[in-house]
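Take a walk through this protein model, one feature at a time. Keep the sequence and the 3D view open side by side.

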Amino acid sequence: MIDEIGAARETALTQVAAADSLESVTMLGTQLLGKKGPLAQLKTKLGGLSTVDEKKAAGSAVNEAIQVVTAALEFRNIELSEAALAARVQFESIDLTEYADRPTRGHAHVVTQAWERLEDVFIGLGFQVAEGPEVETDWHNFEALNMGEGHPARGEFDTLFVDHAPAGGQPGRTLLRTHTSPVQIRTMLEQEPPIYIVAPGRVFRRDTPDATHMPVFHQIEGLVIDRNITMADLAGTIEAFTKAFFGADFSSRLRPSYFPFTEPSAEFDIQRPDGSWLELGGCGMVHPNVLIAGGLDPEQWSGFAFGFGIDRMAVMRHQVADIRDMYVNDIRFIEQF
Ligand code: DAH
């Protein structure tokens, strides 16, 4: 009997060791340890043994065999689970070594680069960065900037109106901002002077795209409000900016012009090292009506403002022939900058 038990135990252990899948381990478990299994069968024969000692010895041999086989099944189960996991990890792993030698790093879009450099330069000159909403009220975009209802300058802006009316806006008098100048008004209403801010941002006009126009483009606005600010401060700031942004061999000039929101108004040009002039943007002394709309007393405060296009600067800097190329997101074009 003892020999029979020993043989059954050895056979069972060989079978367990040979099991090559988790399913076969489970099946073997029921087969070997179930009621009809070899060890259970031997157990039923214990009663047929003649002496108590024989029964005791055979009984503990069967129980020990059951324990040993149970442990072997558990061990085989763990072994196979670990192998299965390792195989899955191996299968799902991605070989990245082919990228190890040539890391392909992306970079900011050329317009974003210009935007960020402009911010850096103005921050260096002591300005803070301000923001305003892209969906604006007619009041902030025109009225408060000294362009009342029927002002001819409104026509030049090719405005896109929207049906939606944000808080404080009136239906039919809500628009996509046509310039960053409304941020002047919002800043004056929000913070006490002295104010030294620049406001870069996206602006919109009802324009058909062509080589030099896009219906969505970017501007940067500047606003300074303090006591005793004069046109000389404006000219000095434009000159300092020109040298800091373009280089020491560039200079600037102001040309008389007209904008409803400044008086006097000017356009500013920069001179390249080769002597040629490039028109950059508009500027001027903040009109008293604009100060009043911003809640400021023109007898106490004065200031200057300026604004220019960011996309245009990027186009000129990199000699891009067609501004539309900047927005088709063709990676072969974008990668050049
Ligand atoms: N907002 C003007 C435009 O979009 C640009 C401009 C001109 C802004 C003169 C200014 C300024 O702040 O003083 O055409």
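The largest pocket has a volume of about 860 Å³. The model is predicted: local features need pLDDT of at least 70, side-chain atom pairs count only at pLDDT 80 or more, and totals for chains, interfaces and linings use all residues. Residues are numbered from 1 along each chain as its sequence is written, and side-chain values use heavy atoms, with hydrogens and water left out.

What is a pocket here? On a 1 Å grid over the protein atoms alone, a pocket is an open set of points with protein on both sides within 12 Å along at least five of seven lines, whereas a cavity is a set of points where a 1.4 Å probe fits but cannot get out; lining residues have an atom within 4 Å of a point. Grid points are joined across faces, edges and corners, and the volume is the space filled by probe spheres set on the points.

The lining of the largest pocket counts 35 residues. Nearest its centre lie Phe 157, Arg 205, Gln 219, Phe 259 and Gly 307. Several elements supply at least two lining residues each, including β6 (216-226), β7 (251-259), β8 (262-271) and α11 (310-317). Which element gives the largest share of the lining of the largest pocket? That is β9, with six residues. Helices (H or I, at least four residues) and strands (E, at least two) are DSSP runs, numbered from the N terminus.

Look at Phe 259 again. Phe 259 sits in strand β7. It counts as partly exposed, because its relative accessibility is 22%. Buried means under 20% relative accessible area, exposed means over 50%, and partly exposed lies in between (1.4 Å probe, protein chains only). Phe 259 and His 287 are 28 residues apart in sequence, and their C-alpha atoms are 9.4 Å apart in space.

Now turn to the cavity. A search of the whole structure finds one cavity of 30 Å³ or more. The largest cavity has a volume of about 40 Å³. Its lining includes Val 110, Ala 114 and Phe 245. Helix α11 gives the most to this lining, with three residues. Helix α6 (110-124) also supplies at least two.

Next come the charges. Side chains of opposite charge can pair when their charged atoms come close. A salt bridge is a side-chain nitrogen of Lys or Arg within 4 Å of a carboxyl oxygen of Asp or Glu. The structure holds 18 salt bridges.

Start with Glu 92 and Arg 88, whose closest N and O atoms are 3.3 Å apart in a salt bridge. The two residues are four apart in helix α4, so about one helical turn separates them. Arg 88 counts as exposed, at 52% relative accessibility.

Arg 173 forms a salt bridge with Asp 138, with the closest N and O atoms 3.1 Å apart. This pair links distant parts of the chain, 35 residues apart: Arg 173 is in the loop between β3 (161-162) and β4 (174-176), and Asp 138 is in helix α7.

Glu 279 is partly exposed, with a relative accessible area of 39%. Salt bridges that share partners join Asp 138, Glu 143, Glu 149, Arg 154 and Arg 173 into one network.

Last, check the backbone. Most residues other than glycine have a negative phi, and most peptide bonds are trans. The peptide bond from Pro 193 to Pro 194 is cis, with omega near 0 degrees. Pro 194 lies in the loop between α8 (182-190) and β5 (195-204). Glu 263 and Pro 264 are also joined by a cis peptide bond, with omega about -5 degrees. Pro 264 lies in strand β8. Gln 319 has a positive phi, near 50 degrees. Gln 319 is in the loop between α11 and α12 (331-334). Asn 329 has a positive phi of about 60 degrees, and Asn 329 is found in the loop between α11 and α12.
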